[in-house]
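Trainee: I would like a close look at a single part of this model. Please take the surface that faces one of the DNA strands, and then the sheet that contributes to that surface.

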Protein chains: 2
Amino acid sequence: MSVLTSEELLALLAAVGHAQRLRIVGELAQGRLHVSELARRLGLSRPLLYMHLERLEKAGLVAGALELSADGKAMKFFELLPFDIHVTVDTVLTALREDQALAAGAERGTAEKGKRT
Amino acid sequence: MSVLTSEELLALLAAVGHAQRLRIVGELAQGRLHVSELARRLGLSRPLLYMHLERLEKAGLVAGALELSADGKAMKFFELLPFDIHVTVDTVLTALREDQALAAGAERGTAEKGKRT
DNA sequence: TCCACCTGTAATTCAAATCTGACAGGTGTC
DNA sequence: GACACCTGTCAGATTTGAATTACAGGTGGA
């Protein structure tokens, strides 16, 4: 995952740092599932599950795909993407510095990430 | 950190998964500081900082100690504890299983962590 | 005594995240 | 047509977390 801004790092940590989402990850670890089935297994309402999945997806932890089942029903399958979150003091410091670099760049009008002078 | 319950894992992730707390960690990475000084550097109100520090301390990321300065003033110093958060699918699955084990144990009245039959 | 520091907490407001219930729409089967 | 599935979204209640203000108390020095 190379260098993360603190925004990306936070999205990742906040996404996985929640009881329900941890359970979602645990369930999807055993294989891809469509939303309704997942909702049933976890005992969550479907709208709520959508919200959590959206968060996980934005953080890059899961991926969803709408598929047509054999009998023509639309089904949204979600699968777990391989991830390996590693956070140390350096990770944090690097992310914070990346922010400063971006902010400085934005002030000068060159807001390209990772670019440093 | 050996085996974590999901509660401990969540405490850790939620603690570090917040913008202000990330900044706190970043500041403490450069050395121990007392609360008022830290508040000044980050531009946070002291009560708010207390709340964040409490969270970080409960998660085991920082440690606070009340000390007497040379001129006799009470000062609460906080320092960053070494940490190395590593989260993969296995971490999550292990944590969830640990929960089940604890829950099962609690039902039988033997709520000791890590004990498995 | 007054001022400049410090710690600690209670009360309260405010914002954001979480969660529920209800709706609209689609397909296939009995 | 009625039913059992599925997706998707919105409005609103509720809960949690974040943040401010205000207070009480302590020390040392001018």
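Mentor: What follows goes from the DNA contacts to the strands behind them and then to the core.

This is a predicted model, in which local features need pLDDT of at least 70 and side-chain atom pairs count only at pLDDT 80 or more, while totals for chains, interfaces and linings use all residues. Residues are numbered from 1 along each chain as its sequence is written, chains are lettered from A and ligands numbered from 1 in the order in which they are written, and side-chain values use heavy atoms, with hydrogens and water left out.

Around DNA strand D there are 24 residues, and those that come nearest are Ser36(A), Arg40(A), Arg46(A), Met51(B) and Asp71(B); a residue is near a strand if one of its heavy atoms lies within 4 Å of it. Of the atoms of DNA strand D that come within 4 Å of the protein, 64% belong to sugar and phosphate.

Phosphate oxygens of DNA strand D lie 2.3 Å from a polar side-chain atom of Ser36(A), 3.2 Å from a polar backbone atom of Lys76(A) and 3.5 Å from a backbone N or O atom of Val35(A). Elements giving two or more residues to this surface are H3 (35-42), H4 (46-58) and E3 (74-80) of chain A, with H2 (19-28) and H4 (46-58) of chain B. H4(B) gives the most, with five residues. Helices (H or I, at least four residues) and strands (E, at least two) are DSSP runs, numbered from the N terminus.

E3(A) belongs to an open sheet of three strands in the order E1-E3-E2, with antiparallel pairing; strands pair if DSSP finds at least two bridges between them. The edge strands, E1 (33-34) and E2 of chain A, each pair on one side only. Two bridges join E1(A) to E3(A), and Leu33(A) has Phe78(A) as its bridge partner. Seven bridges join E2(A), residues 62-68, to E3(A), with Leu68(A) partnered by Ala74(A). E2(A) and E3(A) form a hairpin with five residues between them, and Gly72(A) in the turn has a positive phi of about 85 degrees.

The largest nonpolar core has 62 residues, and Leu61(A) and Leu61(B) have the most contacts inside it. Such a core is a set of buried Ala, Val, Leu, Ile, Met, Phe, Trp, Tyr and Cys residues joined through side-chain atoms within 4.5 Å, where buried means under 20% relative accessible area (1.4 Å probe, protein chains only). Leaving aside neighbours within four places in sequence, Leu61(A) is in contact (heavy atoms within 4.5 Å) with residues including Leu12(A), Leu56(A), Leu80(A) and Phe83(A).

Technical notes:
Buried means under 20% relative accessible area, exposed over 50%, partly exposed in between (1.4 Å probe, protein chains only). A polar contact is a pair of N or O atoms within 3.5 Å; within protein, one must be able to donate a hydrogen and the other to accept it, and residues adjacent in sequence count only if both atoms are side-chain atoms.
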